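Here is a short report for a first look at this protein. Keep the sequence and the 3D view side by side as you read.

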Amino acid sequence: MRSLAELRPALAEIRGQGWAVQNEELAYGLRSVAAPVRDASGAVVAAVNVAVPAMEFPVTRLHDDLRPPLLEACQEITRLLGGA
């Protein structure tokens, strides 16, 4: 993406699904999945990211194996911060 106008729809999609995947956009050979942590007011105060070597983790494995426990961890941290 080269402009804010191009980035806005992608950010809206990420916000809607509640998690994001980085597929070698940041660095060749690196994939990651991340999700937000919220406080009692519902504001995003942090994020948790799991980065893995791309050769060992296809995107489907990020979705299927890493994303569910990541989302559970973010939900638990959110709960500990008083969030819903």
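## Charges over rings

Arginine 67 lies over the face of tryptophan 19, 4.7 Å from the ring centre. Arginine 61 is placed over the face of phenylalanine 57, at 3.9 Å from the ring centre. A charge counts as over a ring if NZ of Lys or CZ of Arg is within 6 Å of the ring centre and within 35 degrees of the ring normal.

This is a predicted model: local features need pLDDT of at least 70, side-chain atom pairs count only at pLDDT 80 or more, and totals for chains, interfaces and linings use all residues. Residues are numbered from 1 along each chain as its sequence is written, and side-chain values use heavy atoms, with hydrogens and water left out.

## Overall layout

The protein has two helices and three strands. From the N terminus, the order is α-β-β-β-α. These elements are DSSP runs, numbered from the N terminus (helices H or I, at least four residues; strands E, at least two). The C-alpha trace spans about 35 × 35 × 15 Å along its principal axes.

## Helix 2

Which residues of helix 2 are buried? They are Leu62, Leu66, Leu70, Cys74 and Thr78. Buried means under 20% relative accessible area (1.4 Å probe, protein chains only). An α-helix has 3.6 residues a turn, so residues three or four places apart point the same way.

The buried residues of helix 2 pack against strand 1 (20-23), strand 2 (30-38) and strand 3 (44-53). Contact means heavy atoms within 4.5 Å. Glycine 82 follows helix 2, and its phi is positive, near 95°.

Definitions and conventions. Buried < 20%, exposed > 50% of the residue type's maximum accessible area, 1.4 Å probe, protein only.
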